[in-house]
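Please read the notes below with the model open beside you.

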Amino acid sequence: EVIEGKGKHAGMLGSFVVKLPSGVTVKVGRGLGMTEEKMLHYWKNRAVIIGLPLTFSYEEMSKAGVPLRNQFIAIRVYE
């Protein structure tokens with residue numbers, strides 16, 4: 001799933017919703033290097049990218065095993 005941005009980012013990607021192998025879903029926001037041009041591209045092509053594997057980083061893990069403070073790195077279109 002993808003969520004539309006708000007405010008000046010309306011009509012662009014706001015965040016990805018990722019389902020982890022454990023079944024937990026997490027929101028993955030913009031990462032370093034995510035330009036408004038890329039956010040617009042991902043939003044316009046959301047129907048194509050939904051369901052593709054995604055790489056993201058996180059700062060720490062909750063006690064329940066949920067990644068916290070997630071940031072998008074890349075869509076893995078090579079798998």
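The numbered points below describe what was computed from this model.

1. Basis. This is a predicted model, in which local features need pLDDT of at least 70 and side-chain atom pairs count only at pLDDT 80 or more, while totals for chains, interfaces and linings use all residues. Residues are numbered from 1 along each chain as its sequence is written, and side-chain values use heavy atoms, with hydrogens and water left out.

2. Strand 2 and its partners. Helices (H or I, at least four residues) and strands (E, at least two) are DSSP runs, numbered from the N terminus. Two strands pair if DSSP finds at least two bridges between them. Strand 1 pairs with strand 2 in the antiparallel sense over three bridges; Glu4 has Leu13 in strand 2 as its bridge partner. On strand 2 there is also an antiparallel pairing with strand 3, joined by four bridges, and here Val17 stands opposite Lys27 in strand 3. Strands 2 and 3 form a hairpin with five residues between them, and Gly23 in the turn has a positive phi of about 95 degrees.

3. Burial of strand 2. Buried means under 20% relative accessible area, exposed means over 50%, and partly exposed lies in between (1.4 Å probe, protein chains only). Strand 2 is largely enclosed by the rest of the structure, because five of its seven residues are buried. Ser15 is found in this strand and is buried, with a relative accessible area of 10%. Contact means heavy atoms within 4.5 Å. Leaving aside neighbours within four places in sequence, Ser15 is in contact with Glu1, Val2, Ile3, Lys27, Val28 and Gly29.

4. Strand 4. Strand 4 runs antiparallel to strand 7 (residues 71-75), and four bridges join them. Ser57 stands opposite Gln71 in strand 7.

5. The core. A nonpolar core is a set of buried Ala, Val, Leu, Ile, Met, Phe, Trp, Tyr and Cys residues joined through side-chain atoms within 4.5 Å. The largest one has 17 residues, of which Phe16, Val18, Val28, Tyr42 and Phe72 touch the most other members. Two or more residues each come from strand 2, strand 3 (25-28), helix 1 (36-44), strand 4 and strand 7. Leaving aside neighbours within four places in sequence, the contacts of Phe16 include Val28, Tyr42, Leu54 and Phe72.

6. The largest pocket. On a 1 Å grid over the protein atoms alone, a pocket is an open set of points where a 1.4 Å probe fits, with protein on both sides within 12 Å along at least five of seven lines; lining residues have an atom within 4 Å of a point. Grid points are joined across faces, edges and corners, and a volume is the space filled by probe spheres set on the points. The largest pocket has a volume of about 260 Å³. Its lining has 16 residues, of which Val17, Val18, Gly51, Leu52 and Leu54 lie nearest the centre. Strand 2 gives the largest share of the lining, four residues, and strand 4 (54-57) supplies at least two.

7. Make-up of the lining. Ala, Val, Leu, Ile, Met, Phe, Trp, Tyr, Cys and Pro count as nonpolar, Asp, Glu, Lys and Arg as charged, and the others, Gly among them, as polar. The lining of the largest pocket divides into 13 nonpolar residues, one polar and two charged.

8. His9. Is this loop residue buried or exposed? His9 sits in the loop between strand 1 (2-4) and strand 2, and is buried, with a relative accessible area of 15%. Not counting residues up to four places away in sequence, His9 touches Arg30, Glu36 and Met39. The C-alpha atoms of His9 and Met39 are separated by 8.4 Å, although the two are 30 residues apart along the chain.

9. Leu68 lies in strand 6 and is partly exposed, with a relative accessible area of 30%. The C-alpha atoms of Leu68 and Tyr58, ten residues apart along the chain, are separated by 5.7 Å. Arg69 is found in the loop between strand 6 (67-68) and strand 7, and counts as partly exposed at 46% relative accessibility. Arg69 has a positive phi of about 55 degrees although it is not a glycine. Most residues other than glycine have a negative phi.
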